[in-house]
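User: I am new to this structure and would like to learn how to read it. Could you take me through it feature by feature?

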Amino acid sequence: MSNINFICSSDFIVKNIIPKKQNTLYVFITQSGETSDTLKAVERVKQETNLPTLCITNKIDSSIWKICDYRVACH
C-alpha cells in the first residue's frame, strides 16, 4: 500500500529532514509555475534526494516546468 502525504511548500522548506523513501514521487502544483516557495521546495528535493519530481501547472516553459522530471499542463 502506498502512503500519500500532503504538505504546503512553505512548511516543507523549513523542515529539517525531508522524506527520502524509495518509490516516492514529489508532486508540485502551481498555477504560474513561478511560486517562490514551491520552486524552493523543488530545488531542495533535487539537491537532497535522487527522487523524481512532477509539476502540475498552467505555464509551459515556466521555471518549475524546466526543473521537474515530469510535467502536466493543466491549461
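**Reading the fold**

Analyst: Gladly, and let us begin with the surface. The protein chain has an accessible surface of about 5,400 Å², and carbon and sulfur atoms make up 51% of it. Such areas come from the Shrake-Rupley method with a 1.4 Å probe, and for residues only the protein chains shown count as cover. Please keep in mind that this is a predicted model: local features need pLDDT of at least 70, side-chain atom pairs count only at pLDDT 80 or more, and totals for chains, interfaces and linings use all residues. Residues are numbered from 1 along each chain as its sequence is written, and side-chain values use heavy atoms, with hydrogens and water left out.

User: How does the radius of gyration compare with that of a compact globule?

Analyst: The radius is taken over C-alpha atoms, and the globule rule is 2.2 Å times the number of residues to the power 0.38. For 75 residues a compact globule would come near 11 Å, and the protein chain has 12 Å, which agrees. Along its principal axes, the C-alpha trace spans about 30 × 25 × 20 Å.

User: What share of the contacts joins residues 24 or more positions apart?

Analyst: A contact means heavy atoms within 4.5 Å. Among contacts with a separation of 6 or more, 56% are between residues 24 or more positions apart.

User: What does "buried" mean, and what percentage of the residues count as buried?

Analyst: Buried means under 20% relative accessible area, exposed over 50%, and partly exposed in between (1.4 Å probe, protein chains only). In the protein chain, 31% of the 75 residues count as buried. Strand 2 is mostly covered, with four of its five residues buried.

User: Which residues of strand 1 are on its covered face, and which are on the uncovered one?

Analyst: In strand 1, residues 26-30, the covered face holds Tyr 26, Phe 28 and Thr 30, while Val 27 and Ile 29 form the uncovered face.

User: In which sense do strand 1 and strand 2 pair, parallel or antiparallel?

Analyst: Two strands pair if DSSP finds at least two bridges between them. Strand 1 and strand 2 (residues 53-57) run in the parallel sense over five bridges. Within this pair, Val 27 stands opposite Leu 54 of strand 2.

User: Where is Val 42, and what does it touch?

Analyst: Val 42 sits in helix 2. Its relative accessibility is 0%, so Val 42 counts as buried. Leaving out residues up to four places away in sequence, Val 42 touches Phe 28, Ile 64, Ile 67 and Cys 68.

User: Is Ser 9 buried or exposed?

Analyst: Ser 9 belongs to helix 1 and, at 17% relative accessibility, counts as buried. Beyond its neighbours within four places in sequence, Ser 9 is in contact with Asp 37, Thr 38 and Ala 41.

User: What about a loop residue such as Thr 49?

Analyst: Thr 49 lies in the loop between helix 2 (36-48) and strand 2, and its relative accessible area of 13% makes it buried. Thr 49 and Lys 20 are 29 residues apart in sequence, yet their C-alpha atoms are 6.4 Å apart. Setting aside neighbours within four places, Thr 49 is in contact with Ile 18, Pro 19 and Lys 20.

Key:
Helices (H or I, at least four residues) and strands (E, at least two) are DSSP runs, numbered from the N terminus.
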